[in-house]
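Hi,

Here is the structure I promised to pass on to you. Have a look at it first, and then read on for what I found in it.

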Protein chains: 4
Amino acid sequence: MLNTLIVGASGYAGAELAAYLNRHPHMNITALAVSAQSADAGKLLSELHPQLKGVVDLPLQPLTDVAGLAKTVDVVFLATAHEVSHDLAPAFLAAGCVVFDLSGAFRVNQASFYRQYYGFEHQHADWLAKAVYGLAEWQGEALKQAQLIAVPGCYPTASQLALKPLVDGGLLNDAQWPVINAVSGVSGAGRKASLNTSVCEVSLQPYGIFTHRHQPEITAHLGIPVIFTPHLGNFPRGILATITCRLKAGVTAGDIAECYHNAYHDKPLVRLYDNGVPALKAVVGLPYCDIGFAVQGEHLIVVATEDNLLKGAAAQAVQCANIRFGFAQTQALL
Amino acid sequence: MLNTLIVGASGYAGAELAAYLNRHPHMNITALAVSAQSADAGKLLSELHPQLKGVVDLPLQPLTDVAGLAKTVDVVFLATAHEVSHDLAPAFLAAGCVVFDLSGAFRVNQASFYRQYYGFEHQHADWLAKAVYGLAEWQGEALKQAQLIAVPGCYPTASQLALKPLVDGGLLNDAQWPVINAVSGVSGAGRKASLNTSVCEVSLQPYGIFTHRHQPEITAHLGIPVIFTPHLGNFPRGILATITCRLKAGVTAGDIAECYHNAYHDKPLVRLYDNGVPALKAVVGLPYCDIGFAVQGEHLIVVATEDNLLKGAAAQAVQCANIRFGFAQTQALL
Amino acid sequence: MLNTLIVGASGYAGAELAAYLNRHPHMNITALAVSAQSADAGKLLSELHPQLKGVVDLPLQPLTDVAGLAKTVDVVFLATAHEVSHDLAPAFLAAGCVVFDLSGAFRVNQASFYRQYYGFEHQHADWLAKAVYGLAEWQGEALKQAQLIAVPGCYPTASQLALKPLVDGGLLNDAQWPVINAVSGVSGAGRKASLNTSVCEVSLQPYGIFTHRHQPEITAHLGIPVIFTPHLGNFPRGILATITCRLKAGVTAGDIAECYHNAYHDKPLVRLYDNGVPALKAVVGLPYCDIGFAVQGEHLIVVATEDNLLKGAAAQAVQCANIRFGFAQTQALL
Amino acid sequence: MLNTLIVGASGYAGAELAAYLNRHPHMNITALAVSAQSADAGKLLSELHPQLKGVVDLPLQPLTDVAGLAKTVDVVFLATAHEVSHDLAPAFLAAGCVVFDLSGAFRVNQASFYRQYYGFEHQHADWLAKAVYGLAEWQGEALKQAQLIAVPGCYPTASQLALKPLVDGGLLNDAQWPVINAVSGVSGAGRKASLNTSVCEVSLQPYGIFTHRHQPEITAHLGIPVIFTPHLGNFPRGILATITCRLKAGVTAGDIAECYHNAYHDKPLVRLYDNGVPALKAVVGLPYCDIGFAVQGEHLIVVATEDNLLKGAAAQAVQCANIRFGFAQTQALL
């Protein structure tokens with residue numbers, strides 16, 4: 001039984017983590033922590049997330065004694081802001097914990113990336129170099145040895161699961177960048193007071209055009225440039241990415257289907273569609289990423305959906321932990 | 001042409017007021033003002049409310065020189081917080097302006113009411129005494145002479161328009177209090193950053209059970225006790241009130257219909273249903289209050305709907321102004 | 001391992017039943033059936049309900065040979081229309097199957113009830129008399145012997161779980177009928193083409209005022225008259241019932257709390273709120289009924305929420321089966 | 001005063017047409033008609049669309065005597081199915097009426113187009129040749145002489161208003177097709193019973209990938225190929241199109257801004273954004289198309305929004321009528 005700590009348990013991804021770990025047969029929740037300054041410190045998790053009433057009624061502890069806490073746990077999930085993860089991870093790592101970071105703090109092994117896109121100077125080049133990017137279907141072997149796993153977020157997970165087989169298979173025409181149009185539920189903005197997430201203000205709307213930090217993250221890991229346009233949708237959860245690509249001459253729909261089959265036929269959390277493309281509703285509340293596509297001439301449209309809080313956050317983190325510790329990959333998830 | 005000022009124009013009711021006055025043939029917008037501390041000061045109204053782009057592009061001025069501004073306008077709409085209205089109204093009134101206050105600051109002529117339900121000591125007993133309650137269908141004559149009009153808010157407007165004909169007509173059984181169950185759109189909470197109004201947090205939910213300040217307001221003006229249970233609904237705008245009453249023995253559905261007909265047949269903003277009851281969608285974006293009912297034995301259920309920002313706020317305020325100044329009652333509203 | 005048949009598996013409650021039984025350790029899905037005329041016959045369940053892709057991919061068989069099928073199964077869940085259940089249940093019962101009927105066909109032991117409220121003549125007075133009403137928290141002992149269980153639907157479950165302890169405890173004032181205002185998600189209308197359930201048409205709206213068949217069902221089982229006003233809400237799932245009652249003189253909030261505690265402290269699927277009342281979001285997707293209340297003087301307001309497809313349908317049916325066959329009450333549900 | 005007939009007034013676009021014409025100073029509603037087979041025949045328009053209660057209470061007449069009706073009206077709006085418009089328009093045209101057809105029956109002057117994309121043989125090549133495509137900002141002069149105006153629908157209007165200035169200005173790189181990702185509200189599917197439009201079924205979902213009939217319509221009128229991917233969104237009204245293009249080398253953001261300014265600075269129903277891009281909420285319920293864009297290197301992303309029932313249907317039809325008859329272009333619309 002692995003003793004486990006969730007930091008940032010008050011947020012949406014944190015609460016999902018708690019729900020998964022609560023039913024995990026080989027991991028138990030040692031503590032739920034929030035920032036020492038948080039107004040939620042001292043409350044029960046289920047006061048903030050009433051669906052967990054009677055399920056996970058543990059208190060949210062203020063994170064004060066990191067070193068002390070680190071000694072009592074084997075595993076740490078950081079569902080915290082980028083800067084907080086950046087500062088906290090090394091302390092837990094130094095104590096020997098295995099750390100799953102759901103923030104962006106260790107996702108790209110390039111210090112300048114953090115200066116440009118996150119607005120802070122990265123202080124832990126050593127851990128940046130050692131961190132394993134937790135795109136679970138692709139980094140399985142590396143995960144087994146990792147001490148620090150940088151779990152990719154919602155947009156990059158859907159985008160990369162859709163594109164990586166095609167890129168690695170050499171099926172795309174280099175002359176044209178894939179166009180990723182993605183719509184995310186409001187929970188992607190986190191659990192905090194904001195006019196922008198109000199029922200009265202939200203409507204379908206693009207944001208961060210050409211400037212969103214997930215564009216360089218996707219490019220860094222895929223190895224090709226992409227055009228990534230995120231949108232805020234008027235729903236709480238889920239992501240749907242519609243990706244338009246140009247194929248190399250001669251590539252057929254059959255080639256695409258085979259490529260995806262080879263990549264994912266033995267991956268339980270990616271569901272491939274033989275015909276048609278997925279709808280958002282197919283994945284909300286579930287740990288899957290669903291992928292379907294259509295081809296016409298040289299043009300390919302791939303549609304990938306996932307729950308941004310699950311396969312795009314908490315479920316993928318637990319999936320990584322399952323792989324890391326040799327449990328069944330879908331333990332506690334299905 | 002009446003020179004008009006809207007204070008609190010950045011909010012949802014304020015923006016609706018601006019849209020109405022922008023098309024009013026006898027009133028013109030002299031200025032839109034917001035609190036001097038507001039982060040919105042200096043912006044265009046249409047930056048905050050993009051539907052008004054190209055329609056009302058006026059700037060939001062910080063309210064600094066009240067006395068100076070008061071000299072330049074004939075009419076003031078206060079779409080401000082209760083305390084702010086309480087403090088501002090007397091200055092505008094002293095300058096001779098006619099003031100339409102959309103807050104609760106002058107709705108109940110009883111100083112202790114403010115201590116108990118609003119948490120402040122009312123300093124303007126004189127104006128409390130002179131204020132006319134702007135339930136437009138009922139205070140028509142008083143409105144024509146008023147200098148300070150306390151426009152009732154969303155829940156009390158729907159509740160009173162539904163109940164007042166019955167109470168005044170002596171049709172209800174005193175032994176049982178009317179039960180008002182009302183569901184309001186999220187805009188009723190105002191335009192501000194709040195976790196409670198997030199798309200991720202809102203779901204159907206009662207609040208303020210037995211303690212909401214609109215209960216004593218309704219009781220004060222109707223003259224009977226009621227049980228009032230407000231709910232937050234997962235939609236931006238609109239109110240639906242389902243009101244369950246007990247009738248005096250012998251009162252029939254025909255009596256109820258006649259009672260409503262007498263009260264409202266010549267009132268253009270109340271629409272009566274001959275059969276059935278209204279749905280929320282019938283009134284969203286429109287200045288009406290719709291009323292329907294059903295009777296079984298001694299039991300009566302009345303359903304009243306309105307747009308909380310319109311008949312429950314901005315439209316009723318303009319309706320009151322139209323009555324006050326002798327314009328057609330629905331001028332600029334239909 | 002109990003061999004189990006779901007008839008009407010194409011609907012929303014049927015799909016939820018399939019998901020529960022799919023993970024039940026002591027029951028297995030022998031077949032999923034739909035009406036022989038259904039356009040869905042021959043499709044996979046997961047084609048209709050894509051969230052079940054890779055989870056329950058079984059085909060929907062046209063129900064042709066009832067007698068033959070009855071011989072192959074131990075347990076039948078009827079998620080079918082009232083008339084269909086009325087016609088089918090006796091055949092399965094005759095073959096010795098234990099039948100859980102989610103329709104209204106056997107809920108009230110009074111043939112005239114069906115004539116008046118369902119529009120058909122009930123032909124099976126014998127089974128009506130033997131049927132056990134599956135309000136699981138209250139009929140536990142009777143359920144253990146039952147062959148035909150009439151599982152109550154969404155509104156009656158929430159209403160009765162909230163009111164039955166108070167009625168049985170003699171806490172309510174007989175002079176006044178409880179007022180039940182309930183709002184249901186659109187899935188309560190079933191899975192079928194209908195203009196009324198369109199995104200473009202649905203808004204908050206009462207219906208069936210004084211005439212809904214659940215009013216006499218609630219009254220029949222509680223033993224007191226009630227005023228029941230159902231509303232259609234603009235959300236897919238969930239029910240929130242706000243119930244206003246008059247208490248006998250002297251009854252306190254403490255008495256109410258004790259009454260609920262006694263009734264439900266050992267019932268895992270009813271969650272009581274010590275303070276405040278539940279929101280809809282607390283129960284969507286979960287098998288609970290949540291109950292909270294507030295008292296002021298002689299007035300009591302109880303709020304009960306549940307997922308209409310789960311505790312209001314599929315989860316309660318499985319809960320009844322668990323009780324019937326001696327499994328843990330929450331098996332497969334939590 | 002022009003006597004006007006609306007055929008298909010029961011639908012969503014028809015009801016919007018009725019609301020506009022009801023307040024038009026130079027056009028009056030002579031009759032509202034529906035198919036003779038329609039279950040809505042004989043009802044009041046306001047029974048179907050309760051927001052129009054007390055506003056447009058006219059009855060929906062069954063369309064039986066086309067020739068007789070044609071003699072009594074000057075103008076006909078056909079808010080009917082493609083095949084119905086195809087059959088009806090010539091009869092009204094023969095009687096000298098000016099016909100505004102909101103269907104696709106006369107939008108592309110190529111008979112084979114109808115065979116391939118609409119599944120019927122076009123019988124009226126003469127009228128196809130004479131029909132003027134009512135993209136109001138661009139066909140102003142032709143509209144003034146037209147007798148048959150084929151009003152473009154929702155997706156093509158937003159797409160073409162966004163792309164036509166760029167195409168005509170020669171700013172796009174031919175080597176790459178514009179990628180149009182568009183999300184439409186559910187009302188785009190029309191007012192009819194359908195499981196696909198149910199609150200329980202709708203979620204964000206692409207459809208008609210590579211096969212939607214609006215793709216060849218856009219291509220026919222713009223003169224360039226495009227990739228058009230429509231999506232169904234979980235909201236009643238509105239369209240947001242995100243269009244990704246490749247620019248010719250050397251084209252700057254300034255060039256794009258100038259191009260749009262030249263095209264639309266004197267067009268009252270197109271609103272250009274100097275900074276940023278529009279959100280859906282900016283246009284819902286309003287007759288505008290809003291356009292904004294961003295440029296990075298050779299890549300351009302244009303975002304266009306409109307209300308699919310207004311600028312994408314009824315408002316554009318009335319705008320065309322205003323131009324046709326020499327009224328102010330925005331008469332009755334603003």
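Let me begin with an annotation: in an unreviewed entry, UniProt places the feature "domain: Semialdehyde dehydrogenase NAD-binding" at residues 3-146 of chain A. Please keep in mind that you are looking at a predicted model. In that model, the span 3-146 of chain A is 38% helix and 19% strand, and its end C-alpha atoms lie 18 Å apart.

Two sheets of chain A

One open sheet of chain A has seven strands in the order β3-β2-β1-β4-β5-β7-β6, and their pairing is parallel. At its edges stand β3 (60-63) and β6 (132-133) of chain A; each has a single partner strand, so one side of each is left without a neighbour in the sheet. Strand β2 (residues 27-35) of chain A runs parallel to β3(A), and four bridges join the two.

Another open sheet of seven strands in chain A has mixed pairing, with the order β9-β10-β8-β11-β14-β13-β12. Here the edge strands are β9 (205-206) and β12 (270-272) of chain A, each with a single partner, so one side of each has no neighbour in the sheet. Within this sheet, β8 (residues 179-184) and β11 (residues 239-246) of chain A pair in the antiparallel sense over six bridges. In that pairing, S184(A) stands opposite I239(A) in β11(A).

Chain A against chain D

Chain A and chain D each bring 34 residues to the contact, and they bury about 3100 Å² between them, 64% of it on carbon and sulfur atoms. There are 14 residue pairs in polar contact across the interface, counting pairs with both residues at pLDDT 80 or more. On the side of chain A that touches chain D, at least two residues come from each of β8, β9, β10 (227-232), β11, β13 (289-296) and β14 (299-306) of chain A. By residue type, that side divides into 20 nonpolar, eleven polar and three charged. Two salt bridges cross between chain A and chain D. In one salt bridge, the side chain of K281(A) meets that of E201(D) at 2.9 Å, N to O.

Chain A against chain B

For this interface, 16 residues of chain B are in contact with 16 residues of chain A. The two chains bury about 1300 Å² between them, with 66% of it on carbon and sulfur atoms. Which three residues supply more of the area that chain B buries against chain A than any other three? They are L195(B), V199(B) and C200(B), with 42% of that area.

Chain B and chain A also share two salt bridges. R191(B) and E201(A) meet through their side chains in a salt bridge at 3.8 Å, N to O. The side of chain B that touches chain A is made up of nine nonpolar, four polar and three charged residues.

Salt bridges overall

Over all chains, a search of the whole structure finds 56 salt bridges. One to look up is R237(B) with E16(B), whose closest N and O atoms are 2.8 Å apart. This pair links distant parts of the chain, 221 residues apart: R237(B) is in the loop between β10 and β11 of chain B, whereas E16(B) is in helix α1 (residues 12-22) of chain B.

Note on methods
Residues numbered from 1 in each chain as written. Chains lettered and ligands numbered in written order. Predicted model: local features only at pLDDT ≥ 70, side-chain atom pairs only at ≥ 80, totals over all residues. Heavy atoms only, no water. UniProt positions renumbered as here; feature names shortened; annotations may be inferred. Contact = heavy atoms within 4.5 Å. Buried area = accessible area lost by both parts, 1.4 Å probe. Salt bridge = Lys/Arg side-chain N within 4 Å of Asp/Glu carboxyl O. Nonpolar A, V, L, I, M, F, W, Y, C, P; charged D, E, K, R; others polar. Pairing = 2+ DSSP bridges. Polar contact = N/O pair within 3.5 Å; in protein donor to acceptor, adjacent residues only side chain to side chain.
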